[in-house]
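Q: Can you walk me through this one? Let's start with how you name the pieces, then go wherever my questions lead.

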Amino acid sequence: MINSLFGDRYKLGEMIGTGGMADVYVAEDTRLARQVAIKVLRSDLARDPSFVARFRKEALAAAGLNHPGIVAVYDSGEEPAPYIVMELVSGHTLRDLIHNGERVPLKRALEIGEGILAALEYSHERGIVHRDIKPANIMITDHGDVKVMDFGIARALADLGATLTSTWNIVGTAQYLSPEQALGEVADLRSDIYSTGCLLYEVLTGKPPFTGDTPVSIAYQHVSGVLVAPSKIQPELPEGVDVILSVALAKKPEDRYQSAGLMLDDLFKVGTGQALTTTIPKVKISRRKVLVGALSSILAITVIAAGLFVTRPAADTNNLPQIPNVVGLTQVDAQALLKDYVVTIQRAHDGRIPIDRVASQIPLATTRAQKGSGVVLTISDGPGDAIVPADLVGMSLIDARGALSAVGLLVSRTEAVPSDEALGTVLKVTPEPGSTITAGSGVVLQIASGQVVVPALIGVDAIQARTLLVQAGFLVNAIDAYDANQPIGVVIRQAPDAGTTQTIGKSVTITVNKAP
């Protein structure tokens with residue numbers, strides 16, 4: 001297949017990956033002179049219309065996601081075989097890192113978790129659930145960035161009526177399945193949170209949360225097994241990690257984090273040494289549900305083990321013409337190819353396609369449609385500009401993230417610093433608020449860590465020392481002692497020492513010189 005030309009545009013190079021449905025190749029986009037990755041449906045599956053329909057759904061689900069933490073989908077087609085064109089990412093998967101036996105430091109593990117959750121928060125807000133979060137689908141770029149790939153079994157949240165054993169479902173490795181997926185029930189965004197918890201558990205402890213000899217036994221553990229606290233495996237892990245993973249891996253979806261953003265915020269708190277207010281849910285498992293679930297798991301895992309899925313028969317459209325692929329063409333050239341269709345033009349900023357070229361088309365290329373039907377083309381206006389909001393300083397991290405998203409910008413990094421402001425308050429923004437930058441780019445937020453510097457109190461009058469501590473947000477614990485060499489009424493010792501950081505609301509002990 002090397003050097004094959006797909007869609008009269010993409011010249012295939014070497015294979016760089018393979019999976020249950022498709023093989024992945026590096027390729028040259030001859031129209032835009034750039035390298036891309038192409039996922040090509042396996043030839044034995046391409047003969048089945050149901051598989052091809054499922055493959056097309058994958059492209060539709062992923063094409064609308066534009067986020068630096070998600071591997072971008074550029075194009076799709078079906079000649080000479082069904083394919084999807086994606087962003088080519090240089091790096092390695094998280095599975096490679098885990099299989100190499102590398103121990104990931106806590107700070108880096110939390111960064112990886114934050115990167116995954118930021119991408120999921122974005123996709124969930126747009127109604128797309130990934131449903132296959134696992135180490136093999138997480139890329140770590142050569143620059144250390146985290147990218148989630150293969151939204152291949154994602155679906156619109158509005159279409160959650162299908163269960164694991166019904167419509168076009170392929171589910172991930174059994175070790176990262178949510179209990180509801182194992183039971184053949186509806187999988188929503190909280191399933192992604194569960195799978196992220198499984199992944200993070202393995203990164204932090206070196207082993208998955210549940211294991212077994214067969215996929216069925218592993219699925220049964222997800223439904224009924226008792227989670228071993230991560231700190232029992234790695235005692236140096238902070239208590240907050242136990243809390244986060246216990247909540248993320250709750251058996252019932254309603255007991256988990258109800259959004260990726262909530263879990264993201266707790267990871268930030270643990271990374272900055274903050275106490276969590278999130279509580280671990282009580283575990284109650286219905287014996288009847290477990291027994292029913294065991295049977296459902298067997299059915300579900302049969303699907304997993306075989307690498308297959310079930311689909312409803314699609315309507316017969318084989319006699320209709322295919323819509324040509326015009327992404328990357330000028331408007332004139334695109335309309336010439338679409339002369340048999342009613343073309344509607346709209347324009348939008350797009351950071352991936354050159355200005356005045358077709359950025360996307362609906363329906364997708366190679367979709368079969370009646371002549372005279374409508375095709376909507378979006379012409380790229382380039383990435384465009386965005387203005388960094390002026391009122392970010394003083395906002396909470398959650399509100400700032402929302403304000404940036406509303407103007408087409410992202411949080412690329414947060415830096416936690418000691419401050420007397422409330423935990424998570426934005427202290428500084430880079431670039432400066434009011435700056436005009438390219439849409440889709442990220443800003444750096446300096447965030448209050450909830451810790452402040454303990455003032456120097458030795459030699460200070462006790463009343464003034466109390467005032468300084470209260471103003472800084474500390475509680476005061478005063479004890480008396482006597483030192484004949486020091487003035488009466490001043491502080492002669494303090495704990496913690498001046499210059500160290502202490503969480504707001506904690507006690508600082510001062511020893512006041514008092515005559516016997």
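A: Helices (H or I, at least four residues) and strands (E, at least two) are DSSP runs, numbered from the N terminus. This is a predicted model, so to speak of local features takes pLDDT of at least 70, side-chain atom pairs count only at pLDDT 80 or more, and totals for chains, interfaces and linings use all residues. Residues are numbered from 1 along each chain as its sequence is written, and side-chain values use heavy atoms, with hydrogens and water left out.

Q: OK, how many helices and strands does the chain have?
A: There are 14 helices and 24 strands in the chain.

Q: And how much of the chain is buried?
A: Of the 516 residues, 49% are buried. Buried means under 20% relative accessible area, exposed means over 50%, and partly exposed is in between (1.4 Å probe, protein chains only).

Q: What about contacts, what share join residues at least 24 apart?
A: Take contacts (heavy atoms within 4.5 Å) between residues at least 6 apart in sequence: 68% of them join residues at least 24 apart.

Q: Switching to annotations, which residue does UniProt list for "binding site"?
A: The UniProt record, an unreviewed entry, lists K39. UniProt positions use the numbering here and feature names are shortened; annotations may be inferred rather than shown by experiment.

Q: Where is K39, and is K39 buried or exposed?
A: K39 is in strand β4, residues 34-41. K39 is buried, because its relative accessible area is 8%.

Q: Which residue forms a salt bridge with K39?
A: A salt bridge here means a side-chain nitrogen of Lys or Arg within 4 Å of a carboxyl oxygen of Asp or Glu. K39 pairs with D150, and the closest N and O atoms are 3.1 Å apart. That pair links distant parts of the chain: D150 is in the loop between β10 (146-148) and β11 (155-156), K39 is in β4, and they are 111 residues apart. D150 is partly exposed, with a relative accessible area of 26%.

Q: Why can side chains like that pair at all?
A: Side chains of opposite charge can pair when their charged atoms come close.

Q: How many salt bridges does the rule give?
A: The count comes to 17. One of them joins K134 and D132, at 3.8 Å from N to O, and both K134 and D132 are buried.

Q: Which residue pairs with K514?
A: D480, with the closest N and O atoms 3.8 Å apart. K514 lies in the segment after β24 (507-513) and D480 in strand β21 (residues 475-481), so the pair ties together parts 34 residues apart in sequence. K514 is partly exposed, with a relative accessible area of 48%. There is also a network: salt bridges that share partners join R9, D29 and R34.

Q: How many aromatic pairs turn up?
A: First, the rule: rings of Phe, Tyr and Trp (its six-membered ring) pair if their centres lie within 6.5 Å; planes under 30 degrees apart count as stacked, over 60 as edge-to-face and the rest as tilted. A search of the whole structure finds two pairs. The rings of F6 and Y83 have centres 5.4 Å apart and planes at 90 degrees, so that pair is edge-to-face. F6 lies in strand β1 (residues 5-6) and Y83 in strand β6 (residues 83-86), so parts 77 residues apart in sequence are tied together. Y10 and Y83 also form an edge-to-face pair, 6.1 Å centre to centre with 65 degrees between the planes.

Q: Changing topic, which residues does a cis peptide bond join?
A: One joins I362 and P363, with omega about 0 degrees. P363 lies in the loop between β13 (358-362) and β14 (374-380). Another joins A495 and P496, again with omega about 0 degrees.

Q: Last one: what is phi of R131?
A: Phi of R131 is near 70 degrees, a positive value in a residue other than glycine. R131 lies in the loop between β8 (128-129) and β9 (138-141), and R131 is buried, with a relative accessible area of 4%.
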